[in-house]
Structure formats: structure tokens, C-alpha cells
Amino acid sequence: MRASDSGRDIKLLALDLDGTTLRPDGTLGERTARAIYRAAAAGIEVVPATGRAFSTLPREIREMECIHYAITSNGAAVCRTKTGERVYSSTVDSAEVMRVLQEVKGRENVCLEVFIDGLAYGESRYVSDPARYSRESAVYYVQHTRIPVDDIKKLILENIDKLDAVDIVCRERQLLLQMEENLRRDMEGSYLTSSVPYLIEISSARSGKANGVEYIQKILGCTWRETAACGNADNDADMLRLAGLGAAVRDGTEKCIAAAKLLIGTGEEDGVADFIAGILSGALLQWD
């Protein structure tokens, strides 16, 4: 082990947003925003790594001058934050999309979301009443980020070769787990994960946040040892496990915490700000 030299050993910092960098109301705390600018000033490329579609990134994140790239849709796309231009993209295999449609067919208590070209669409019945299918805390976010669609199956079939991701939404936990088990058995060509307990998030096998981070590493010419990452959910575990310095928020999922090297405070506590301060001061150690 050796101490970080004022942040110079870390060249890339990948930050999950919801539940990690952002506060519970979806905003960015002032202390965390200042810390991100300090990291950038120290030569660290700070990159949001999120399950969100590009169009749903918080404006305050997209408008930060020091943030040049965003990993979106769980790594299905890497975009330039100022223009939305994609520098990397992978779409869900059409045959596996059909398998998802088969799995949810006839299930009235299950809804679909779909991300196409960075836009997020949701079934109208879900967008009009998100709490019925997910949880009360999701209402504002869903209703302000999803484009409602009456016939989402038709939309999917019309864009079957253009889907960044398909999400299954269901608040009945046991049913969701059963559907996930069924899909994992049949869909070897897709990446299945979850950021919250009421979602199955499905994207290409060439996606995943870790793959998105690796694409940024190629741009920067750096390695996993020179990468730090923060997250809170199952969809963050792979990048935390690989990162030279991977941190999970203390209320993260079991899988996420197991993949991390240390725990940090929540978004409400500005835990990411403290993490960045530790990197820049040299207080945090690098792990082999």
C-alpha cells in the first residue's frame, strides 16, 4: 500500500449519481459540487456513471464545466456532456428484447421503461401513478423524466435495434426476483442489474458501468489502479471491485458494499465530498 500523492495517483473518478453523489431530493450538495471542481483542478477527470438516460441527467451535473463525459444507461452509452454526442454506444440484442416482452406479457402489475437515443420513455399508466408500481419517493423523478407512452410495446418494436436499455418495473419483490431468475437463465447476451429494489435493468452484454469506465480509461490513457469510484447499488459493484479505490455509501446494497474497499457517507451527508478530500490530501491509501 502507498499513500496517494495529493490526488496525482488518481486520474479518473467515476461517480454514481442517485443514492451516492446526489441528495435524496436529486440535487447536488454545495460541498460535493465544490469538491468535484477541486478534483478537476487537481487533474482528475470526474465522470458521472449512472443508470439514467442522458436526457435525465440533472442539469447542474451537465452544466458543470469540469465534467466532459457521462456514462449513462448503465454503460450502454458514453456521451459528451455538453453536446450529448455519443462516443460509445451498445444496444440490447433484438432477440433478447423479445424475450423481455414475453416475460412481462399479461402481467398487469408490471410496467416497462425503455431508453432510446438517450431519451427515457415509460408506460403511461406508470408515469401517471409511479407509486403504484414502484415507491412513493420515485413519483417526482419518474414524472419529470419519463415521456409517457400508451403503447410501449409498439414503441419497442418500432425501435428494436435502437434500445439502450429496457427496465422492468414491479413493486412485488418476489415476482420481480422470479422474473429476473427466468431472464438470467435465458438471456446470456444481456447485462441484467438493478439500482433500486423495484427494477430489473437490462442492457447489452457490452454495457455495464465497468465497461463504460474502461472506455474513458482508453481516452485518458489510465488504468484501473489510477481510477477511483463511488456507488451505492448492485449496478455499481463491478466498477467498485475493479477500481484502485472503490467506495460504497454506508447504506448501499450488500453486493455493492462487498465490492468496495471502504465506506463513505451518504449523498445527504456529502460523503463523496469527504472521499474526494481524502484523495486530494493523501489521507486515503491505494490498494493493490
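Two strands are taken to pair if DSSP finds at least two bridges between them. In this predicted model, β4 and β5 are joined by four bridges. The two strands run antiparallel. Tyrosine 69 stands opposite arginine 80 of β5.

Strand β4 covers residues 69-72. Tyr69 and Ile71 point one way from the strand, and Ala70 and Thr72 point the other way. All four are buried. In a regular strand the side chains alternate between the two faces of the sheet.

β4 and β5 form a hairpin, with four residues between them. Most residues other than glycine have a negative phi. Serine 73, in the loop between β4 and β5, has a positive phi of about 50° although it is not a glycine. Asparagine 74 lies in that loop and has a positive phi of about 55°, again without being a glycine. Serine 73 has a relative accessible area of 2% and is therefore buried, since the cut-off is under 20%. Asparagine 74 is at 3% relative accessibility, so it also counts as buried.

Helix α10 spans residues 209-220. Its twelve residues should span 16 Å at 1.5 Å a residue. The end C-alpha atoms are 17 Å apart, which agrees. Lys209, Ala210, Gly212, Val213, Ile216 and Gln217 are buried in α10. Seen down the helix axis, the buried residues fall within an arc of 155°, so they line one face of α10. The cover over these residues includes β2, β3, β4, β5, β13 and α11. Just after α10, glycine 221 takes a positive phi of about 75°.

The largest nonpolar core holds 34 residues. Leu13, Ile36, Met64, Phe275 and Ile279 touch the most other members. Elements giving two or more residues to this core are β2, α2, β5, β13, β14, β15 and α13. The largest share, five residues, comes from α13. Phenylalanine 275 touches Leu13, Ala228, Ala229, Cys230, Leu245, Ala247, Leu262, Ile264 and Leu284, not counting residues up to four places away in sequence. Another core lies apart from the largest one. In soluble globular proteins, nonpolar side chains tend to be buried together.

Technical notes
Residues numbered from 1 in each chain as written. Predicted model: local features only at pLDDT ≥ 70, side-chain atom pairs only at ≥ 80, totals over all residues. Heavy atoms only, no water. Core = buried A, V, L, I, M, F, W, Y, C linked by side-chain atoms within 4.5 Å. Buried < 20%, exposed > 50% of the residue type's maximum accessible area, 1.4 Å probe, protein only. Contact = heavy atoms within 4.5 Å. Expected span 1.5 Å × (residues − 1). Arc of directions from axis to C-beta.
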